[in-house]
Every structure is written in C-alpha cells, then in structure tokens.
Amino acid sequence: MIKDKVRGLLQSLPPGVTLVAATKERSPEQMIEALESGVSVFGENYIQEAKDKFAIIGKRVSWHLIGHLQKNKARQAVAIFDMIETLDSYELAQVLDKECKKINKVMPVLIEINSAAEPQKKGILIEEAEAFLKELKPFSYLKPRGLMTMGPFADDPELIRPYFRKIKELFTQLKKEFDFKYLSMGMSDSYKVAIEEGANIIRVGTAIFGARSSQS
Ligand SMILES: *Cc1c(COP(=O)(O)O)cnc(C)c1O
C-alpha cells in the first residue's frame, strides 16, 4: 500500500530531511494517494508527463524536476516546476534565466554533479563546480541553492557512500560562498546511506510505489 509505505518512510526520516516522491511512470491516482499520506514534493523526469499530471493535480504539492532538461523545453519547465534539481550546463542556465525572466519567476536550482565522472552521465564535475557557480552569478532569475547527485549505479549502497561523502564535502565548501541549503542525494536503495552522509533531500520512487513497469 502506498499509504503505509509513505507513512513509514516519513516517520523514519530525521528532522530536516525532505522526501521527494519520484513519480515517473506513476499514475495521478497513485500520486494523489501519496500526497494524501503526507508527500509534499513530487519529482518528475519528463516534461510532457509532468505537464499532464500537473494539469490534474496542480499546486497542492511542490514539483521538482529531477531529470535532464532539454533547452527547447525550458519554457514549459519553468511554468510547472518549483525547483530544478538538474542544472547541468551553462547553456541551459542561459535559457532558463531568460524564460524565468519572461514570467517574472525566480527559480531555485540545484547543480547536478557527476560525482563519479562517468562519461555517460550528465552533470558538472566536482572540480568544475565552483567555476560553474561563478558563471551563474549574472543570471538574476536563477537561485542556486545546492547540489544534486545520482551517484554511480551499484547494487550495494555502501559502494556509493564514498561518492555521497565527496559531494557533501563539496557542498560544505561551496556553502561558504553561495547561499546553499539543499543536498539532494539518495534513491530507494541508497537513501539511508545518503542521509547518513548529509543529504537533506532524498528522491524515492520504488520504495513507495513498487517496481516500475519498465523495470524487471
Ligand atoms: C527514478 C529516479 C529516482 C528514484 O529511483 P527509485 O530507485 O525508484 O527510488 C531518483 N532520482 C532520479 C533522478 C530518478 O530518475
């Protein structure tokens, strides 16, 4: 039951940790059950899917974008989302700033970090993060509030722990210079380890809703 999973999960979280329910492939009915059980943030990966669900569910919850955003979808994204967790390029920042300006909306963003420097993954490298953040300063409609990372894929979350730890160190260092508050790390299999390593946003799908139909 979604209700029991959400309640159990929320009760287990330390104070100050926000649960983002990762809702890709989930129906509006499932999402409404989650929100009625206490979920206050949905994380969506795809713009069209998010738009369709936003039209049904609306602003009863906050909406975070947790998937890669293509520049040509920036206009639609800024209309829906309350936070973009996946800012991963200067070009995207440029377009987002422009679109936010048009609708006079200041957008909180997290910088997605490619913590294991995997070539197939999106995100800014650890050693480039500070320079990237400095480049964002002219964009007055974007407000960088922290970091997000996926971490490398591993069956054992203990193998991801060192990457979470590195991103927490980066977060602590950048917090001295930037107005950082959020560190988004950890999914169903790894959120406990992520919280131990300092995450205050976790993104959980499977542990709430069960396996996605695309998983097998
Ligand atoms: C799907 C997704 C999650 C949640 O994954 P689960 O393993 O289902 O908990 C978290 N973060 C991102 C970016 C995702 O795309």
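An oxygen atom of the ligand lies 2.8 Å from an N or O atom in the side chain of Lys24, a polar contact (a pair of N or O atoms within 3.5 Å). The model is predicted: local features need pLDDT of at least 70 and side-chain atom pairs count only at pLDDT 80 or more, while totals for chains, interfaces and linings use all residues. Residues are numbered from 1 along each chain as its sequence is written, and side-chain values use heavy atoms, with hydrogens and water left out.

**Ligand**

- For the side chain of Thr206, the distance from an N or O atom to an oxygen atom of the ligand is 2.5 Å.
- For the side chain of Arg212, the corresponding distance is 2.7 Å.
- The ligand taken alone exposes 380 Å², and the protein buries 92% of that (Shrake-Rupley method, 1.4 Å probe).
- There are 13 residues around the ligand, and Lys24, Asn45, Ser188, Thr206 and Arg212 come nearest (a residue is near if one of its heavy atoms lies within 4 Å).
- The shell consists of six nonpolar, four polar and three charged residues.

**Largest pocket**

- The ligand takes up the space of the largest pocket (on a 1 Å grid over the protein atoms alone, an open set of points with protein on both sides within 12 Å along at least five of seven lines).
- This pocket holds about 880 Å³ of space.
- Its lining has 37 residues, of which Lys24, Asn45, Met150, Met187 and Arg212 are closest to the centre (lining residues have an atom within 4 Å of a point).
- Helix H3 (47–57) and strand S8 (201–204) are the elements that give two or more residues to this lining.
- By class, the pocket lining has 14 nonpolar, 13 polar and 10 charged residues.

**Cavity**

- The count is one cavity of 30 Å³ or more (a cavity is a set of points where a 1.4 Å probe fits but cannot get out).
- The largest cavity contains about 50 Å³ of space.
- Residues lining the largest cavity include Glu112, Asn114, Lys121, Thr149, Met150 and Pro152.
- That lining divides into four nonpolar, four polar and four charged residues.

Methods. Polar contact = N/O pair within 3.5 Å; in protein donor to acceptor, adjacent residues only side chain to side chain. Sits in = over half its atoms within 2 Å of the grid points. Nonpolar A, V, L, I, M, F, W, Y, C, P; charged D, E, K, R; others polar. Points joined across faces, edges and corners; volume = space filled by probe spheres on them. Helix = DSSP H or I, 4+ residues; strand = E, 2+ residues; numbered from the N terminus.
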